[in-house]
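Let's take a walk through this structure, one region at a time.

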Amino acid sequence: MEFLTINPKETALPQLHQYLLGSVGPRPICFASTIDADGRPNLAPFSFFNVVSANPPVLVFAPNNSGRDGSPKHTYLNVKEVPEVVVNVVTFGMVQQMNVAAAPWDKGISEFEKAGFTPVASDLIKPLRVKESPVQMECRVIEIKEFGTGGGAGNLVMAEVLKIHINKDFIGADGKIDQTKIDLVGRMGGSWYCRTTPDALFQLAQPMQATIGYDALPENIKNSQILSANDIGMLAALPAFPDADMVAKVQEKYRTENREETAKKLIAEGSVAEALALLMQ
Ligand SMILES: Cc1cc2nc3c(=O)[nH]c(=O)nc-3n(C[C@H](O)[C@H](O)[C@H](O)COP(=O)(O)O)c2cc1C
């Protein structure tokens, strides 16, 4: 394994930009709706975006100075003039129009019109919502952190969510936003994007208590040539080692020469605790 090691200070901006954006991904996309002091609407996508707090609910996104000519984004200028923003999420069905909104339209030109999105009045703030977006969040800008003044410099906008509008078509029977239906898109390096169609999704429940841990696993498991890193990770995620009784029962049940192959199959079937019992020596 060989690594390319980069010193950001000695790397040309376009190349550094590619390394950063090609690695930090997929990034969610904030479709930010703002207005200027004259009340003219603006709409633009930003993938330097995330939710960073639930209590209070806070979103961050970064309309940065252009890497080409250093000019500020209209969205940045607008939130300085009117500290309000609607953050709309972006689905696959919206990407082509969203891309039109990302063109360098003159300040004051409405990307709602240019890209063909339907404006909807917000309840609490002046910027408009995007009707086609399944989730629209009305926000108040609480702080802007500028990281520099040159081309590519970041301007981090922190915004408190005041109201959330969710298209009920995307709410499942359990009352949650259906992750298999919403088809959010992510931005990756260059012009690459990804979708979240059901075939691309997987679930991984986060352990809510301490687990066995990788370091405590027996050497025969850690050194296995048959088990993958994910297989071993699943064994490490079990809450506890099986007791002697279970080990005896499982090893009696699967009388096999090749325990690792059988354990791998058990893990694939979801019988992870049995797999660990089989592998115990
Ligand atoms: C999917 C996508 C994500 C983008 N993310 C960012 C970003 O995070 N920060 C940024 O400054 N520009 C980003 N851009 C470019 C801006 O959307 C583009 O410069 C736009 O014209 C800015 O509009 P404005 O000047 O009306 O604010 C992105 C473009 C696309 C298509």
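In helix α9, the buried residues are Glu-274, Ala-275, Leu-276, Ala-277, Leu-278 and Leu-279. Here a residue is buried if 20 or more other C-beta atoms lie within 10 Å of its own, exposed if 12 or fewer, and partly exposed in between, with C-beta atoms placed from the backbone. Before going on, keep in mind that this is a predicted model: local features need pLDDT of at least 70, side-chain atom pairs count only at pLDDT 80 or more, and totals for chains, interfaces and linings use all residues. Residue numbers start from 1 along each chain, following the sequence as written.

Helix α9 spans residues 272–279 and is mostly covered, with 6 of its 8 residues buried. Helices are DSSP runs of H or I with at least four residues, strands are DSSP runs of E with at least two, and both are numbered from the N terminus. What do the buried residues of α9 pack against? They pack against α5 (219–222), α6 (229–236), α7 (244–253) and α8 (259–269); contact here means that the C-beta atoms of two residues, placed from the backbone, lie within 7 Å.

Now turn to the sheets. An open sheet of 7 strands runs in the order β3-β2-β6-β9-β10-β5-β4, with antiparallel pairing. Two strands pair if DSSP finds at least two bridges between them. At the edges are β3 and β4 (49–54), each pairing on one side only. On average, neighbouring strands of this sheet are turned by 30° against each other, direction ignored. Angles like this one use axes fitted to C-alpha atoms, for helices over the stretch in contact, and run from 0 to 180 degrees between N-to-C directions.

Is β3 enclosed or open, and why? Since 6 of the 6 residues of β3 (residues 41–46) are buried, the strand is largely enclosed by the rest of the structure. In a regular strand the side chains alternate between the two faces of the sheet. For β3, both faces are covered: Pro-41, Leu-43 and Pro-45 are buried on one side, and Asn-42, Ala-44 and Phe-46 are buried on the other. Its partner β2 (residues 30–35) is joined to β3 by 6 bridges, and the two run antiparallel. Thr-34, for instance, stands opposite Asn-42 in β3. The hairpin of β2 and β3 has 5 residues between the strands, and there Gly-39 takes a positive phi near 85°. Helix α2 lies across β2, β3, β6, β9 and β10, running at about 50° to β2.

Strand β3 also matters when you look at the ligand. Of the 17 residues that surround the ligand, the closest are Ala-44, Phe-48, Lys-73, His-74 and Thr-75; a residue belongs to this shell if its C-beta atom, placed from the backbone, lies within 6 Å of the ligand. The elements giving two or more residues to the shell are β3 and α2, and the largest share, 4 residues, comes from β3. By class, the shell has 9 nonpolar, 6 polar and 2 charged residues. In that count Ala, Val, Leu, Ile, Met, Phe, Trp, Tyr, Cys and Pro are nonpolar, Asp, Glu, Lys and Arg are charged, and the others, Gly among them, are polar.

Next, the cores. The largest nonpolar core has 31 residues, and those with the most contacts inside it are Cys-30, Phe-31, Ala-32, Phe-46, Phe-61 and Val-87. Such a core is a set of buried Ala, Val, Leu, Ile, Met, Phe, Trp, Tyr and Cys residues joined through C-beta atoms within 7 Å. Elements that give two or more residues to it include β2, β3, β5 (57–61) and α2 (74–81), while its largest share, 4 residues, comes from β6. Apart from it lies another core, of 12 residues, among them Leu-227, Leu-266, Ile-267 and Ala-275.

A second open sheet has 3 strands in the order β1-β11-β12, with antiparallel pairing. β1 (27–28) and β12 (193–194) stand at its edges with a single partner strand each, so one side of each is left without a neighbour in the sheet.
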